Amino acid sequence: MADLSATFSLFATKAEKKEATTKDVTRWCTDAGVMGKNCNSNHLDISFSKVKTKGKPTITCSQMDALCTELAKMYTKDKKMSDEGAAKAEIISKLSAAKPKAHGTTGTSKTGGVGRMTDTSKYTGAHKERFDESGKGKGKEGRADTVENSGYVGNYKGENTYDKK
């Protein structure tokens, strides 16, 4: 149960990570691989309602044991097990080993066009002036034309050579 309480705090979002909502527990069970055809989010919501304190929308870590007992009833049907005690132990071990996954985030694109867009050696014209040889951006220096006010015309190569012979 000690491992379960440590993992509980990773998924819990209420009361300084000491209480979890039904959404938190559903995400936890999904990430752990507990969900199946019979042991689904609907069954989890019903079991959650049975276990939680009346009038509160959350459960604590101490109530997780009772929730695992309720989930084991349907988990045995999914995994074709005969013993609910063994199913409960398997659920607890899966939940203890679970790590939060990134939900709703955008992944890296695997298409071929992205590599060409990020290869600065292929840039031409004004765009190529924005990057140095290594491909790192120059920042404002690469975007803006700065005026030097030296008295010479732009791109003049013989600066300070007028009086020298």
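Modeller: Glutamate 70 and lysine 73 both sit in helix 4, three residues apart, about one turn of the helix. Helices here are DSSP runs of H or I, at least four residues, strands are E runs of at least two, and both are numbered from the N terminus. The model is predicted, so local features need pLDDT of at least 70, side-chain atom pairs count only at pLDDT 80 or more, and totals for chains, interfaces and linings use all residues. Residues are numbered from 1 along each chain as its sequence is written, and side-chain values use heavy atoms, with hydrogens and water left out.

Colleague: What do glutamate 70 and lysine 73 form?

Modeller: A salt bridge, with the closest N and O atoms 3.3 Å apart. The rule is a side-chain nitrogen of Lys or Arg within 4 Å of a carboxyl oxygen of Asp or Glu. Shared partners join Lys50, Glu70 and Lys73 into one network of salt bridges.

Colleague: How far apart are N and O for lysine 50 and glutamate 70?

Modeller: 3.5 Å, in a salt bridge between the two side chains. That pair links distant parts of the chain: lysine 50 is in helix 3 (residues 41-51) and glutamate 70 in helix 4 (residues 64-79), 20 residues apart.

Colleague: Is glutamate 70 buried or exposed?

Modeller: Buried, at 14% relative accessibility. Lysine 50 is exposed at 56%, and lysine 73 is partly exposed at 36%. Buried means under 20% relative accessible area, exposed means over 50%, and partly exposed is in between (1.4 Å probe, protein chains only).

Colleague: How many salt bridges in the whole structure?

Modeller: Four. One of them joins lysine 88 and aspartate 65, with the closest N and O atoms 3.0 Å apart. It also links distant parts of the chain, with lysine 88 in helix 5 and aspartate 65 in helix 4, 23 residues apart. Aspartate 65 is partly exposed, with a relative accessible area of 30%.

Colleague: Stay on helix 5. Which residues are buried there?

Modeller: Ala87, Lys88, Ile91, Ile92, Leu95 and Ser96.

Colleague: What span should helix 5 have?

Modeller: Its 14 residues should span 20 Å at 1.5 Å a residue, and the end C-alpha atoms are 20 Å apart, which agrees. The expected span is 1.5 Å times one less than the number of residues.

Colleague: What happens at the start of helix 5?

Modeller: A side-chain oxygen of aspartate 83 comes within 3.3 Å of the backbone nitrogen of glycine 85.

Colleague: New topic, aromatics. How many pairs?

Modeller: One. Rings of Phe, Tyr and Trp (its six-membered ring) pair if their centres lie within 6.5 Å; planes under 30 degrees apart are stacked, over 60 edge-to-face, the rest tilted.

Colleague: Where do phenylalanine 8 and tryptophan 28 sit in the chain?

Modeller: Phenylalanine 8 is in helix 1 (residues 2-11) and tryptophan 28 in helix 2, 20 residues apart. Phenylalanine 8 is buried, with a relative accessible area of 3%. Tryptophan 28 is buried too, at 1%.

Colleague: And which other residues of helix 2 are buried?

Modeller: Besides Trp28, the buried residues of helix 2 (residues 22-32) are Asp24, Val25, Thr26, Cys29, Asp31 and Ala32. Glycine 33 follows helix 2, with a positive phi near 85 degrees.

Colleague: What is the phi of alanine 15?

Modeller: Positive, about 50 degrees, although alanine 15 is not a glycine. Lysine 17 is not a glycine either, and has a positive phi of about 65 degrees. Most residues other than glycine have a negative phi.

Colleague: Where is alanine 15?

Modeller: In the loop between helix 1 and strand 1 (19-20). Lysine 17 is in the loop between helix 1 and strand 1 as well. Alanine 15 is partly exposed at 45%, and lysine 17 is partly exposed at 42%.

Note on methods:
A polar contact is a pair of N or O atoms within 3.5 Å; within protein, one must be able to donate a hydrogen and the other to accept it, and residues adjacent in sequence count only if both atoms are side-chain atoms.
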